[in-house]
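Welcome! Have a look at the structure below, and then we can walk through a few of its features together.

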Amino acid sequence: MSVRELEVALGARRYPIWIGPGLLGDAARWRARMRGRHALVVTNATVAPLYLERVRAGLAGLAHDALVLPDGESFKTLDSCARVFDALAALGATRDACVLALGGGVIGDLAGFAAACWMRGIDFVQMPTTLLAMVDSSVGGKTAVNLPAGKNLVGAFHQPRAVVADTDTLATLPAREYRAGLAEVAKIGALGDAAFFAWLEAHADALAGRASDALIEAIAHACARKAGVVARDETEQGERALLNFGHTFGHALEAELGYGTLLHGEAVAIGMLLAARLSARLGLAGTADAERLRALLTRLGLPVDAPPGAGADALLARMALDKKNEAGRLRLILWRGIGRAEIAAGVDAGAVRAVLEEQGA
Ligand code: NAD
Ligand code: MG
């Protein structure tokens, strides 16, 4: 299977996304996107023993170093960011230095944010090693760190110079993390691409089994869709918000059950089902579409019902705090059926409560 190449069309800031096997070892390809003499690889303690050497081998001839952070969302912080700055300073990094983010979305968001800040912005290359990072977080230029007050509160839009998605790395990804990534792939079909949704239905078993060809095809398709949305609406003034399908419910579930109980992708799977059921209740879409979505997510090994413990009232209160709301009315991404998501403002809280209660929350 050969490498697929896509582009995020952002004029002078356009960049390639490469997807396929063996890419970390194909340094000639990604080195061409690096301009200066300094490189810092940022990664974590889980990923470093598996893949850091492959990347370092490609950096011969450059002044380079690696920063290995502890693993986990709890390290996506300003403190970790300061460690990146210190490592860049120790390297003598100038404005043409490049940060290589080797890991999942936590490393990508953090290293990207540090790159956005160092000397007011230097190059970085995304080297995503989780499925979620390949199809979602590495594409589009959103970077951030968390504060005790909330996730992703401090961040910047900073586009990478390239995305290097080496699909060989997915072989070591834990099953639950892999399936969580599939939820974001399914989301891309559900929100805006009925043909891709049907393709996913046809290839669900291959994807659940990590069959390489199907996987590369799915990643490439999902990335192409996201790249298109980002090129049209880089800073989320409109269409990009549709990528949040399932996320308002999902974020409320993650927060209410305690972060770590559900993986983000699992929460999004449940959240998409809730959004689909709410759409049916409001007469926007038929229940058959919600059933198709439920069937696909189930075949991909994802949960579709909220675990007990999150009450409807508590979830509603969390959803009311969502930053997408306007003037106290719920603003949600709903749909008119598979492939047809839309922004719905002023959604009736009673209908949301009814859907939450009906599904046991
Ligand atoms: P993650 O980065 O925590 O990775 C999940 C786990 O897999 C970690 O334990 C990691 O060490 C491990 N891992 C990574 N690659 C591996 C491999 N190849 N083999 C074995 N283990 C591996 O989580 P994630 O799901 O990749 O990303 C979640 C983060 O992404 C969140 O912080 C979220 O806010 C962010 N995010 C950002 C965007 C964006 O647009 N910037 C979009 C979605 C999510
Ligand atoms: Mg998401």
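## A loop to start with

M119 sits in the loop between helix 4 (105-117) and strand 6 (123-128). Helices (H or I, at least four residues) and strands (E, at least two) are DSSP runs, numbered from the N terminus. Although M119 is not a glycine, it has a positive phi of about 50°. R120 also has its place in the loop between helix 4 and strand 6, and R120, not a glycine either, shows a positive phi of about 65°.

How buried or exposed are these residues? A residue is buried if 20 or more other C-beta atoms lie within 10 Å of its own, exposed if 12 or fewer, and partly exposed in between, with C-beta atoms placed from the backbone. M119 has 13 other C-beta atoms within 10 Å, so it is partly exposed. R120 counts as exposed, because it has 7 C-beta neighbours inside 10 Å.

## About the model

This is a predicted model, in which local features need pLDDT of at least 70 and side-chain atom pairs count only at pLDDT 80 or more, while totals for chains, interfaces and linings use all residues. Residues are numbered from 1 along each chain as its sequence is written, and chains are lettered from A and ligands numbered from 1 in the order in which they are written.

## A domain from the record

UniProt places the feature "domain: 3-dehydroquinate synthase N-terminal" (unreviewed entry) at residues 67-179. UniProt positions are given in the numbering used here, feature names are shortened, and annotations may be inferred rather than shown by experiment. Over residues 67-179 the chain is 35% helix and 30% strand, and the end C-alpha atoms of this stretch are 28 Å apart.

## Buried residues

L102 belongs to strand 5 (residues 98-103). With 30 other C-beta atoms within 10 Å, L102 is buried. Leaving out residues up to four places away in sequence, L102 touches V41, V42, T43, V47, Y51, L52, V55, I107, M127 and T129; two residues are in contact if their C-beta atoms, placed from the backbone, lie within 7 Å.

The largest nonpolar core has 118 residues, of which V99, I219, C223 and A275 touch the most other members. Such a core is a set of buried Ala, Val, Leu, Ile, Met, Phe, Trp, Tyr and Cys residues joined through C-beta atoms within 7 Å. Not counting residues up to four places away in sequence, C223 touches L6, I17, I19, V135 and V139.

H247 is found in helix 9 (residues 247-257) and counts as buried, with 23 C-beta neighbours inside 10 Å. Beyond its neighbours within four places in sequence, H247 is in contact with V268 and G271. H264 lies in helix 10 and is buried too, with 24 other C-beta atoms within 10 Å. Residues up to four places away in sequence aside, H264 touches A180 and E254.
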